[in-house]
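Thank you all for coming.

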Amino acid sequence: MRILVLALGNELFGDDAAGLLVADELSRRIPKDLESVEIVKSHESGIRLLDHFLGDYDLIILIDSVVSDRAGELVRIDPSSLGQAAAPSPHYYGIPEILSLLEELGERIPEVRIYCITINEPRLGFPASERIRVAAKKLAEVILSEIMQLLRIRRNTPAYDFKL
């Protein structure tokens with residue numbers, strides 16, 4: 001099973017770096033012998049994300065931030081619950097549009113799981129807040145546990161020796 005952890009964000013906008021912080025934490029904690037798991041940090045959006053979905057992955061775990069009144073909460077979003085965006089151009093494509101495009105092109109569609117950390121409005125020039133840093137560590141634990149469980153089940157092998 002090939003897994004891509006695709007972390008989105010922009011560290012120039014403070015808390016918008018939430019996904020990137022999760023990727024950093026995962027990179028530190030994931031067992032180094034897991035060649036089937038790739039962690040990618042990206043500042044891209046829209047149609048530019050398509051290349052990641054063409055990478056022959058079985059599962060893509062997408063991590064991003066979402067603006068909310070309550071910063072620091074962990075949210076899992078069902079991709080099927082996302083509506084198509086009224087995108088004026090492919091630059092504004094979202095995940096539903098990318099998955100639809102893959103289907104139209106006859107490409108293999110990976111399973112997609114979306115995790116977000118809620119943030120207040122991102123602010124240019126500010127570092128990520130402590131609340132978001134703590135939430136990023138918690139989300140990294142959740143995703144690491146999920147990955148290890150998936151690989152154990154698919155490989156039918158004993159548990160890796162790791163601690164959360």
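Predicted model: local features only at pLDDT ≥ 70, side-chain atom pairs only at ≥ 80, totals over all residues.

Which residue in S3 does Ala7 stand opposite? Ala7 stands opposite Ile63 in S3.

Residues are numbered from 1 along each chain as its sequence is written, and side-chain values use heavy atoms, with hydrogens and water left out.

Let me begin with strand S1, residues 3-8, where strands are DSSP runs of E, at least two residues long, and helices are runs of H or I, at least four, both numbered from the N terminus. Six of the six residues of S1 are buried, so this strand is largely enclosed by the rest of the structure; buried means under 20% relative accessible area with a 1.4 Å probe, protein chains only. Ile3, Val5 and Ala7 point one way from S1, and Leu4, Leu6 and Leu8 point the other way. In a regular strand the side chains alternate between the two faces of the sheet.

Strands pair if DSSP finds at least two bridges between them. S1 runs parallel to S2, residues 37-42, with six bridges joining them, and also parallel to S3, residues 59-67, with five bridges. Within S2, Glu38 is the bridge partner of Leu4.

I will close with the lining of the largest pocket, where S3 gives the largest share, three residues.

Notes:
Buried < 20%, exposed > 50% of the residue type's maximum accessible area, 1.4 Å probe, protein only.
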